[in-house]
Amino acid sequence: MGQKKQRLLEAKRHQSPPDGTRTSSPKEPRLEPPTTLGPQRSIYFSSLKGRPARLGSEFFDQPAVSLARAFLGQVLVRRLDDGTELRGRVVETEAYLGPEDEAAHSRGGRQTPRNRGMFMKPGTLYVYLIYGMYFCMNVSSQGDGACVLLRALEPLGGLEAMRQLRHTLRKGVAGRALKDLELCNGPSKLCQALAIDKSFDQRDLATDEAVWLERGPLGPSEPAVVAAARVGIGNAGEWALKPLRFYVQGSPWVSVVDRAAKQNTQARAKASRDEDF
C-alpha cells in the first residue's frame, strides 16, 4: 500500500492545476493564442503592422481596360512629409493600351527615359509633365506600354491641405478660394492637390510609403460606369473616338461629362433590366 500511495502522489504532481493552466517545461515551447481573429485578408491586400490595408500588386496585374474600371471607387491615399494623409475616391480614369494605341506615349513600342514607367511591372507610377508646368499620374497595367491615367477624385480627407496645395501650385492664379468640387476634378488638379510631382515617377503604388491605394467601402450596389471617349487626344485618329475613358455615372466630381455616352449607358442599363422580366 505504501508504494501505491507513492505512485498516486507522483501522478498528481504531473496533472494540470485546477484552473486549467499548465506550467511549460523549460524544453517545451509555449504556444500562444493568435493575437487576431477572423478571416484572413484577400490576396489583393498587403499590409504592415500598424499600417492601413492597401491594394497589393495582384490588383494592378490586369489589362488596362479592366484596371481602369477597377480603379473606380477605390481610395487613393497620399501621406505628406508631416504625416498628414490626403484621401480621395477615384471617380474617373482613362485606359491607354500600349504600342497599338495612337494616343499612348508608348505608341509604336517606343521606349524613352520619360515613359519608362509604362514598361515596368504593373502598379508602377508613370508621372509626366505637360505644358511645361503640370503633372499627370498614370499607373502601369498588364502589357508593355499600357497604363491607366487617373483623371479625377472625390476628396474624402485632408481637404484643407488639398486646398492650400492647389492654391500654392496653381500657376498665375490667385484670389478666389477653390470649392471642394474643384480640388481634384482633372488629372493635373489631382496631382496638385496631392503634391504629386516628377519625383513619384517609377515608384511602386503597391509598396510606396507616401502614396498607395486602398479598397473603397462597398456600397449597396455597384455604381453605373460610363464609357466615353478620352479627353484632349483629337489628333489620334480613330483612337480619339474609342470609349476608353471611364467614370462613375452621376458623380459631380468628374472632370468632363459626356452626355451622349451617359444616355447610351442609361439605355443599355434599361434594356438589361427589361430582359430580366
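1. E92 forms a salt bridge with R151 (a side-chain nitrogen of Lys or Arg within 4 Å of a carboxyl oxygen of Asp or Glu), the closest N and O atoms being 3.0 Å apart. This pair links distant parts of the chain, with E92 in strand β4 and R151 in strand β7, 59 residues apart. Helices (H or I, at least four residues) and strands (E, at least two) are DSSP runs, numbered from the N terminus.

2. Before going on, please note that this is a predicted model, where local features need pLDDT of at least 70 and side-chain atom pairs count only at pLDDT 80 or more, while totals for chains, interfaces and linings use all residues. Residues are numbered from 1 along each chain as its sequence is written, and side-chain values use heavy atoms, leaving out hydrogens and water.

3. R163 also forms a salt bridge, with D180, and the closest N and O atoms are 3.0 Å apart. R163 sits in helix α4 (residues 159-169) and D180 in the loop between α4 and α5, 17 residues apart. R163 is buried at 15% relative accessible area, whereas D180 is partly exposed at 33%.

4. Within it, R87 pairs with E85, the closest N and O atoms being 2.9 Å apart. R87 is partly exposed at 22%, and E85 is partly exposed at 23%. The structure holds 13 salt bridges.

Notes: Buried < 20%, exposed > 50% of the residue type's maximum accessible area, 1.4 Å probe, protein only.
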